[in-house]
Amino acid sequence: MKLKTISNCENDTIEIAQNFAQELSGNEIILLYGELGAGKTLFVKSVAKKLKCHDEITSPTFTLMQTYQGKFNIYHFDLYRIKNILELDNIGFFDYIEKDGIKFIEWPEIIKDTINGLNFIEIYIKKLDNTKREIIIKKGD
Ligand SMILES: Nc1ncnc2c1ncn2[C@@H]1O[C@H](COP(=O)(O)OP(=O)(O)OP(=O)(O)O)[C@@H](O)[C@H]1O
Ligand SMILES: [Mg+2]
């Protein structure tokens, strides 16, 4: 399934994310693609808010993952600075991926091949101008 929408402002993206949140069962892996400042983090935070999940204190040595707790556990990764799979393995990424909870991954290109075979949702956010975004949500086939 592929759903394409246009967001004209920050609030549109928040609304699209909150609608998306309502369809989640709590165990999804969600890959978020899009350039710097596209709105990936805003999307994740909007989902977390809708599911009444609150930020946990993140360890300063572990800034590439943020966890939220509420209706579900949410693990939110930003792999922008990750150089290789070994580095990821060392911080336990592949253990988290198997945990119960919603796993959001920004900049997922580096792990795309290693999670082949797992079921995941892909979200593509494209900057059309300062405030306009194209958002594509792709699930299954
Ligand atoms: N329609 C829109 N949808 C989403 N964000 C928007 C929109 N219009 C403007 N913005 C702004 O774009 C920025 C998106 O920032 P955000 O941190 O979510 O991006 P990101 O994709 O996570 O970037 P990064 O790759 O650096 O982590 C915010 O400052 C937000 O206010
Ligand atoms: Mg981000």
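User: Where does lysine 52 lie, and what is its phi?

Analyst: The general idea comes before the case. Most residues other than glycine have a negative phi. In this predicted model, lysine 52 lies in the loop between α2 and β3. Its phi is near 50°, a positive value in a residue other than glycine.

User: Is lysine 52 buried or exposed?

Analyst: The criterion for exposed is a relative accessible area over 50%. Lysine 52 has 62%, so this residue counts as exposed.

User: Which loop holds tryptophan 107, and what phi does this residue have?

Analyst: Tryptophan 107 is placed in the loop between β6 and β7. Although tryptophan 107 is not a glycine, its phi is positive, about 55°.

User: Which residues coordinate the magnesium ion?

Analyst: The magnesium ion, ligand 2, is coordinated by Thr41 through OG1 and by Glu106 through OE, at 2.0 to 2.2 Å. Threonine 41 belongs to helix α2 (residues 40–50) and glutamate 106 to strand β6 (residues 102–106), so the pair ties together parts that are 65 residues apart in sequence. As water is not among the atoms, such a site may look incomplete.

User: What relative accessibility do threonine 41 and glutamate 106 have?

Analyst: Threonine 41 is partly exposed, at 32% relative accessibility. Glutamate 106 is buried, with a relative accessible area of 4%.

User: Let us turn to ligand 1. Which residues come nearest to ligand 1?

Analyst: There are 18 residues around ligand 1, and Glu10, Thr13, Lys40, Thr41 and Thr131 come nearest. By class, this shell has five nonpolar, seven polar and six charged residues. Helices α1 (10–21) and α2 each supply at least two residues of the shell. The helix that gives the most is α2, with three residues.

User: Which polar atoms of lysine 40, threonine 131 and arginine 133 face ligand 1, and at what distances?

Analyst: A polar side-chain atom of lysine 40 lies 2.7 Å from an oxygen atom of ligand 1. For threonine 131, a backbone N or O atom lies 2.7 Å from a nitrogen atom of ligand 1. A polar side-chain atom of arginine 133 lies 3.3 Å from an oxygen atom of ligand 1. Taken alone, ligand 1 exposes 650 Å², of which the protein buries 74%.

User: How is a sheet to be read, and what is the strand order here?

Analyst: Strands of a sheet pair through backbone hydrogen bonds, either parallel or antiparallel. Here eight strands form an open sheet with mixed pairing, in the order β1-β8-β7-β2-β6-β5-β4-β3. At the edges stand β1 (2–7) and β3 (54–55), each with a single partner strand, so one side of each is left without a neighbour in the sheet.

User: In which sense do β2 and β7 pair, and in which sense do β7 and β8 run?

Analyst: Strand β2 (residues 29–33) pairs with strand β7 (residues 121–127) in the parallel sense over four bridges. In that pairing, tyrosine 33 stands opposite tyrosine 124 in β7. Strands β7 and β8 (residues 133–139) run antiparallel and are joined by seven bridges. The bridge partner of tyrosine 124 in β8 is isoleucine 136. The two strands β7 and β8 form a hairpin with five residues between them.

User: How do β4 and β5 pair, and what joins the side chains of histidine 76 and tyrosine 68?

Analyst: Strand β4 (residues 65–69) pairs with strand β5 (residues 73–78) in the antiparallel sense, over five bridges. Threonine 67 stands opposite tyrosine 75 in β5. Histidine 76 also lies in strand β5, and is buried at a relative accessible area of 7%. A polar contact of 3.1 Å joins the side chains of histidine 76 and tyrosine 68.

Conventions: Residues are numbered from 1 along each chain as its sequence is written. Chains are lettered from A and ligands numbered from 1 in the order in which they are written. This is a predicted model: local features need pLDDT of at least 70, side-chain atom pairs count only at pLDDT 80 or more; totals for chains, interfaces and linings use all residues. Side-chain values use heavy atoms; hydrogens and water are left out. Donors are N, O and S atoms within 2.8 Å of the metal (3.2 Å for Na, K and Ca); water is not among the atoms, so sites may look incomplete. Buried means under 20% relative accessible area, exposed over 50%, partly exposed in between (1.4 Å probe, protein chains only). A residue is near a molecule or strand if one of its heavy atoms lies within 4 Å of it. A polar contact is a pair of N or O atoms within 3.5 Å; within protein, one must be able to donate a hydrogen and the other to accept it, and residues adjacent in sequence count only if both atoms are side-chain atoms. Accessible areas come from the Shrake-Rupley method with a 1.4 Å probe; for residues, only the protein chains shown count as cover. Ala, Val, Leu, Ile, Met, Phe, Trp, Tyr, Cys and Pro count as nonpolar, Asp, Glu, Lys and Arg as charged, and the others, Gly among them, as polar. Two strands pair if DSSP finds at least two bridges between them.
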